[in-house]
Amino acid sequence: GFKAIDVCKECLNVLAVEVLENENQLFNFLSIAVYKTLFKAYFLVTDYSNTEKCCLKLLDIYRELEYGESSEVGILVLTLANIYEQQFKCEEARELYKRAIKIMRETGDKKKEAYAYAMFGNMSYRLGEYDKAKEYLKKALAVTIEIADRQGEAGCYGILGSLSKSLGKY
């Protein structure tokens, strides 16, 4: 992971110096590729601070390119929400989970939509917000059933079972 990070940093330095203004499209394409690699490398070594920076940079690049709210942007937003959750920035995570859900619903990526609902429900459960957790986990369950995602469905049932147990509803 660390060698990839060093190589990516060097690539960004070369891009900044070598690529001319009239090669803007090439610069953007290469920058996205390098930042995606950096993002994955930092995420794998659990360097959340740098993962967050790379994610925000990618989102900025996509916004500048008028990339729109694509499924890829939704995945970045979902990952950023998870990173904020890991850092106990729950309000930021909450807003990003909602944005990710909206993006996934709009792009028609049902599997990622269900995953976003489940992640938000799971965070709510850990925070003791049981009603909200139940609401989002049931939404995740409905989508997993709709798309016949048996593994996702089983995960939803497992978390809902833990939630019921926490509420004393055996």
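Which residues do ring pairs link into a cluster? Here are some notes on that and a few other spots.

1. Ring pairs join Y97, Y117, F120 and Y136 into a cluster. Rings of Phe, Tyr and Trp (its six-membered ring) pair if their centres lie within 6.5 Å; planes under 30 degrees apart are stacked, over 60 edge-to-face, and the rest tilted. K139 lies over the face of Y136, 4.9 Å from the ring centre (the rule: NZ of Lys or CZ of Arg within 6 Å of the ring centre and within 35 degrees of the ring normal).

2. Please keep in mind that this is a predicted model, where local features need pLDDT of at least 70, side-chain atom pairs count only at pLDDT 80 or more, and totals for chains, interfaces and linings use all residues. Residues are numbered from 1 along each chain as its sequence is written, and side-chain values use heavy atoms, leaving out hydrogens and water.

3. The whole structure holds 4 aromatic pairs. The pair of Y125 and Y130 is tilted, because the ring centres are 5.9 Å apart and the planes are at 50°. Y130 is partly exposed, at 29% relative accessibility (buried is under 20% relative accessible area, exposed over 50%, partly exposed in between, with a 1.4 Å probe and protein chains only).

4. E113 deserves a look: this residue of helix α6 (residues 110-126) is buried, with a relative accessible area of 3%. Leaving aside residues up to four places away in sequence, E113 touches I101, M104, R105 and V143 (contact means heavy atoms within 4.5 Å).

5. By contrast, F29 is exposed, at 59% relative accessible area.

Technical notes:
Helices (H or I, at least four residues) and strands (E, at least two) are DSSP runs, numbered from the N terminus.
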